[in-house]
Amino acid sequence: MNWFNRLLAPFRRDRFEAEMAEEMRLHLEHRTQENVEAGMSPTDARHAALRRFGGVDQAKEVARAQRWGAWVDHLRRDTQFALRGLARSPGFTAVAILSLGLGIGAGTAIFSILNGVLLRSLPVRAPQELRLVNWMGSDVVLNNYSGMEPIGKRGRLEVGSSFPYPVFREMRERLADSAQVFGLFPIPRVTTFARGDASVSSVLMVSGNFFADYGASMLLGRPLLMEDERPGAAPAVVITHSFWERRFGQDPSAIGQTLTLNQSAFTIVGVLPRDYIGPMPGDMADAYITFAAQPLILANRPIASANNWWMQIMVRVGPGTDEQQLRARMEAVFRQLLSGSTTKMGEPGIALEDGSKGAAHRLRQRMAMPLFALLGVVALVMAIACANVAGLLLARGAARQQEFAIRAAIGAGRARLIAQALTESLVLGLSSAVVGLLLAAWGKKVLLRSVVAQLEGFRIDVHTDFRVLVFTLGLALLTALLFGLVPALRAGNVAPLDGLKSRSALAAPRLRLGRMLVSVQIGLSLLLVFGAGLLIRTFSNLVRVDLGFRPENILLFRVAPSQAGMSGPELQPFYDNARRAIAGIPGVRSVALSDVALISGASSSTEIVLPGRPAKRGGARETYQLQVSDGFFKTMGIPILLGREIAETDAAGSLPVVVVNERFAREYFPGEDPVGRTFSLAGSPARPITIVGVCRDTKYDSLREEVPRLMCFSSRQQEQRAMHFVVRTALPPMSLVPAVRKEIATLRPGLPLSNVRTQEHLVRESTLVDRLFAGLCSGLAALALLLACVGLYGLMAYNVARRTGEIGVRMALGATRREIAWPVLREALWLALAGMAVGLPAALGLARLIRNQLYGVSASDPLTLVAGAALLVGIVCAAAWFPARRASRVDPLIALRSE
Amino acid sequence: MGDTRMAKDDFKTDLLQGTLDMLILRVLSRGEMHGWGIADRIEQLSKSVLSVGEGSLYPALYRLQQQGWIESEWGVSENNRKAKFYRLTKAGRRQLEVEAETWDRLVGAIGAIMRLA
């Protein structure tokens with residue numbers, strides 16, 4: 001047979017079958033004829049021929065099995081058979097597909113986000129050519145450092161990704177012959193004004209060669225160019241598709257129009273396409289401007305300074321470039337410029353890092369950490385689901401032993417039996433993958449909304465790409481193998497003769513493996529129940545934490561009059577007028593100001609000097625601060641315990657005053673009345689500040705942190721470029737937003753409100769991740785419990801059914817119902833105890849991994865552990881109760897008759 | 001319980017299969033022949049190989065055909081019956097030489113061991 005026939009063989013089954021049948025028929029005919037000629041009767045002759053031939057069907061089956069392409073038939077038949085078998089037991093099928101599908105769905109949803117955050121390459125030209133530039137050095141002393149990521153550690157060395165602009169400029173110039181070096185810096189809050197409408201946007205400041213070298217094309221207009229980066233160039237801006245849609249209704253005439261950024265006019269030169277994604281994680285940028293706009297937008301980051309570290313550098317390395325040589329040349333530039341600056345750094349070096357996923361790699365990794373934790377939890381649930389389905393399959397296999405024995409007797413080989421049982425598992429696994437993908441499509445949206453909802457405009461590409469599909473299919477196949485292999489091997493071990501025995505003679509196996517699987521499920525469930533319990537207690541502790549102020553009915557928003565061109569003497573009157581105007585809105589009780597909103601994650605601290613009390617060795621007097629207006633404490637509902645609160649009279653010319661909190665008073669002035677005492681800030685020791693009051697301790701930047709030492713200055717005694725308005729209302733706070741916007745617009749057109757939210761929203765938001773974790777883990781733990789329950793119930797019901805005859809005999813001999821039911825319950829409890837004995841140390845060990853997530857509860861909390869175990873025992877009893885009851889109700893007569 | 005028995009059966013089947021294949025090639029090396037003719041010749045040569053039944057000859061024939069060692073054609077038998085005739089291909093002849101050689105070497109090796117031991 002040549003290759004062509006071999007190729008066609010799978011599709012020539014009918015011809016093969018016909019020829020085989022014909023040939024065997026002729027063979028038998030010939031032998032019968034021979035026998036007749038030897039003197040046998042025709043009937044005897046035929047029987048003798050058949051005996052000599054052996055099993056016709058067996059011979060055919062062997063011949064079929066070894067055909068080229070037989071697997072196509074087998075696969076088709078096995079699949080049909082599996083589908084029919086599964087359709088016949090819809091309960092089993094539904095439980096299996098649903099439990100696996102839920103696990104696969106959760107895993108896929110989490111992986112989709114992980115993929116978007118960490119794994120997916122940027123949708124730009126040849127992303128694998130992009131590199132992130134990092135510096136490394138020892139004993140680093142930097143004066144002015146900021147950026148997307150804090151300085152990290154790599155062994156002995158410190159690593160950072162922010163550079164001074166001159167370093168970048170030199171690198172770009174000197175390496176132009178071999179690589180394209182470009183720079184970027186995200187500016188989170190810029191006031192944008194276009195078509196009479198102001199809002200706060202995020203802007204990415206880039207080098208003129210950014211779009212060319214990052215590798216993005218334009219939808220409309222032109223990209224930013226090198227000419228745009230020259231000092232004194234006409235300010236140009238490129239906007240994103242979503243910004244164009246929001247602010248210009250996709251009007252093509254937006255090109256050439258003016259967009260005002262913090263009071264400076266920029267001309268819109270280009271619009272990016274819809275599917276463009278920028279290099280920053282989450283890519284929140286609405287607009288792109290060049291470094292030439294630094295003096296207009298970013299006064300505190302002078303581009304000429306070699307001592308101000310702020311911008312990130314990326315480089316595109318063309319194919320065939322010697323990367324080591326490139327790195328060495330960058331290092332040379334870096335060292336040369338360092339020597340001319342005030343920065344001190346030992347062994348300065350440059351490291352290139354994969355940039356195909358975008359900038360700020362370490363930040364991405366941090367964002368992905370909770371996702372990895374969740375994936376771990378999902379893996380546990382998947383393990384339980386696998387054990388569960390494997391248990392169900394084993395029980396099913398035991399019930400179908402006779403069927404398999406018959407198949408073996410009529411010629412199915414061991415491999416065929418195993419293949420057939422595995423096909424059933426694969427069908428189950430793939431069906432679950434489909435269910436999982438559907439669930440994931442919905443789940444990842446929910447997950448995204450709840451994890452990153454607070455970051456407006458946060459864009460992660462989570463669409464289901466090739467990698468996600470591979471993950472899902474791989475997960476499905478892996479689980480199918482995990483739960484299907486052992487039952488399949490069992491099926492292959494059946495002895496053909498067993499098929500001929502009667503059903504009752506066929507000893508139903510005791511399912512030792514099934515019992516082990518149930519124990520494992522219960523052990524793993526304990527892990528999840530304990531973990532979920534700890535997270536639930538953490539969340540409930542956080543929700544009930546004493547804030548120290550009343551968060552209800554408070555509206556917060558931020559206004560930055562300095563970005564609208566106001567400065568110095570204009571600022572304070574603006575704040576006063578705005579407060580008066582807002583106080584006049586019906587439904588407003590009081591209005592105050594603070595520079596930082598409480599529980600927003602933002603904080604500000606400084607060191608103080610107490611007269612006559614040098615700080616203890618190593619104990620820096622780091623103290624947190626707030627700038628507040630008069631009426632702040634009353635508006636927030638923070639009680640003043642001693643002295644007075646900040647007053648309107650604490651103005652620029654008068655005595656510098658401060659209200660401190662209880663902890664400040666207790667630690668710095670133990671056992672004394674702090675009111676009237678003075679101290680000074682480490683930065684200005686000659687300016688004494690007088691304590692005029694003590695307020696109650698309140699939470700400051702987050703619910704988890706303990707109350708810090710806090711001092712509240714009068715906001716009138718310093719220039720405030722931007723402030724948060726704190727509005728206590730009698731009506732639902734958000735309902736007053738339109739009126740507030742109108743008042744501010746009347747006072748100063750084009751001045752936007754940003755960070756508009758309620759204090760309660762901030763508090764809720766700070767527990768968002770905790771709630772998410774507690775919710776997800778409880779959901780998954782409940783699923784695990786349900787699965788373990790089903791597994792245990794199935795096993796017990798099987799055992800009772802298997803022993804119906806024995807139970808009947810015992811009842812006939814006078815055993816009471818209790819004597820029949822108790823052993824069933826006892827067995828279930830033993831299984832549960834065995835599982836928990838293994839699960840307990842594992843639970844305690846794993847809980848240590850989530851120690852940092854916990855609040856107000858220890859990772860080995862005995863109460864949670866006991867409660868979790870009690871819950872499990874209760875559920876185990878409930879699951880075993882029904883089979884036990886059925887056992888106790890066996891009618892001895894019927895049981896014995898069925899033997 | 002089924003485990004050990006299965007393994008023994010598998011082993012026996014494998015051994016028989018290899019011997020059967022070689023015998024078929026050997027029988028066909030003398031000229032083309034139909035199924036029952038091959039069965040007759042093999043029975044003359046070895047009583048035990050076809051003890052499971054003549055039917056097991058056919059899977060072996062199809063297997064060898066798939067391997068390209070033999071080919072088949074419908075024809076008419078000596079007593080005027082329709083029959084499928086099998087004959088050795090070039091590749092089959094080569095394979096027979098290889099198997100015979102392997103067999104000789106194996107027998108030689110076993111003989112040597114038996115003499116030494």
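At what angle do the axes of helix H17 and helix H25 of chain A cross? The axes of H17 (residues 512-543) and H25 (residues 817-849) come within 7 Å and cross at roughly 40°. Axes here are lines fitted to C-alpha atoms, for helices over the stretch in contact, with angles from 0 to 180 degrees between N-to-C directions. H17(A) is therefore oblique to H25(A), a class left over once angles under 35 degrees (roughly parallel), over 145 (roughly antiparallel) and 65 to 115 (roughly perpendicular) are set aside.

This is a predicted model, in which local features need pLDDT of at least 70, side-chain atom pairs count only at pLDDT 80 or more, and totals for chains, interfaces and linings use all residues. Residues are numbered from 1 along each chain as written, and chains are lettered from A and ligands numbered from 1 in written order.

The contact between the chains takes 23 residues from chain B and 22 from chain A. H3(B) gives the most to chain B's side, with 6 residues. That side has 8 nonpolar, 8 polar and 7 charged residues.

Chain B has 4 helices and 3 strands, DSSP runs of at least four residues (H or I) and at least two (E), numbered from the N terminus. Their order is α-β-α-α-β-β-α.

Notes
Contact = placed C-beta atoms within 7 Å. Nonpolar A, V, L, I, M, F, W, Y, C, P; charged D, E, K, R; others polar.
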